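Here is a short note for a colleague who is opening this structure for the first time.

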Amino acid sequence: VTILNNDRMNGGMMAITPEMMGMVPCWMVYFTVKNLDESVAKVKELGGSVHMTKDIGVGKIAAIADPANTNFILIEMSVPPQDWQD
């Protein structure tokens, strides 16, 4: 589900899948990164964990947790925001 604000996507909802084991239902903040693979490697190097990675059509996401177990999403966009469809 996509959340729009003045015709711009600024949020969304998705079901927790089996790949996301260990995550609880919650709202997530997304951080856009230039290279998801490099960012995921850095998370692991710094003691964080990766719950899942997934191609979502407009890019790739990784659900991760920092060493204090704070969950958030990293996203590498493959489609410019003006081309997003809801």
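1. Some ground rules come first. Two strands count as paired if DSSP finds at least two bridges between them. Helices (H or I, at least four residues) and strands (E, at least two) are DSSP runs, numbered from the N terminus. This is a predicted model, in which local features need pLDDT of at least 70, side-chain atom pairs count only at pLDDT 80 or more, and totals for chains, interfaces and linings use all residues. Residues are numbered from 1 along each chain as its sequence is written, and side-chain values use heavy atoms, with hydrogens and water left out.

2. Strand β1 (residues 2–5) and strand β2 (residues 8–12) run antiparallel, joined by four bridges. Ile-3 stands opposite Gly-11 of β2. Leu-4 has Met-9 as its bridge partner in β2. Two residues separate the strands of this hairpin, and Asn-6 in the turn has a positive phi of about 55°.

3. Next comes the loop between β2 and β3, where Ile-16 lies. The cut-offs are under 20% relative accessible area for buried and over 50% for exposed, with partly exposed in between (1.4 Å probe, protein chains only). Ile-16 touches Met-23, Val-24 and Pro-25, leaving out residues up to four places away in sequence. Contact here means heavy atoms within 4.5 Å. Cys-26 is 10 residues from Ile-16 in sequence, and their C-alpha atoms are 9.8 Å apart.

4. Now the open sheet. Four strands form it in the order β3-β6-β5-β4, with mixed pairing. Its edge strands are β3 and β4, each pairing on one side only. Neighbouring strands are turned by 25° against each other on average, direction ignored. Axes for such angles are lines fitted to C-alpha atoms, for helices over the stretch in contact, and angles run from 0 to 180 degrees between N-to-C directions.

5. Look inside the sheet at β5 and β6. These strands run antiparallel and are joined by seven bridges. Ile-61 stands opposite Ile-75 of β6. Helix α1 packs on the sheet and touches β4, β5 and β6; its direction makes about 10° with that of β5. The loop between β5 and β6 holds Asn-69. Asn-69 is not a glycine, yet its phi is positive, about 70°. With a relative accessible area of 53%, Asn-69 is exposed.

6. Turn to the helix itself. α1 spans residues 36–45, and Leu-36, Ser-39, Val-40 and Val-43 in it are buried. Why do these residues line one face of the helix? Seen down the axis of α1, they fall within an arc of 100°, so they share one face. That arc is taken from the directions from the helix axis to the C-beta atoms. An α-helix has 3.6 residues a turn, so residues three or four places apart point the same way. The cover over the buried residues of α1 includes β4 (49–55), β5 (59–65) and β6 (71–77). On the face turned away from the buried side sit the exposed residues Asp-37, Glu-38 and Glu-45.

7. Check the ends of α1. Asn-35 caps the N-terminal end, with a side-chain oxygen 3.1 Å from the backbone nitrogen of Asp-37. After α1 comes Gly-47, with a positive phi near 95°.

8. Ser-39 lies in α1 and counts as buried at 18% relative accessibility. A polar atom of its side chain lies 3.0 Å from the backbone oxygen of Asn-35. Leaving aside neighbours within four places in sequence, Ser-39 is in contact with Val-33 and Leu-74.

9. Finish with the rings. The structure holds one aromatic pair. The ring centres of Phe-31 and Phe-72 are 5.5 Å apart and the planes are at 85°, so the pair is edge-to-face. Phe-31 in strand β3 (residues 30–32) and Phe-72 in strand β6 are 41 residues apart, so the pair links distant parts of the chain. Rings of Phe, Tyr and Trp (its six-membered ring) pair if their centres lie within 6.5 Å; planes under 30 degrees apart count as stacked, over 60 as edge-to-face and the rest as tilted. Phe-31 counts as partly exposed at 43% relative accessibility, while Phe-72 counts as buried at 16%.

Note on methods:
A polar contact is a pair of N or O atoms within 3.5 Å; within protein, one must be able to donate a hydrogen and the other to accept it, and residues adjacent in sequence count only if both atoms are side-chain atoms.
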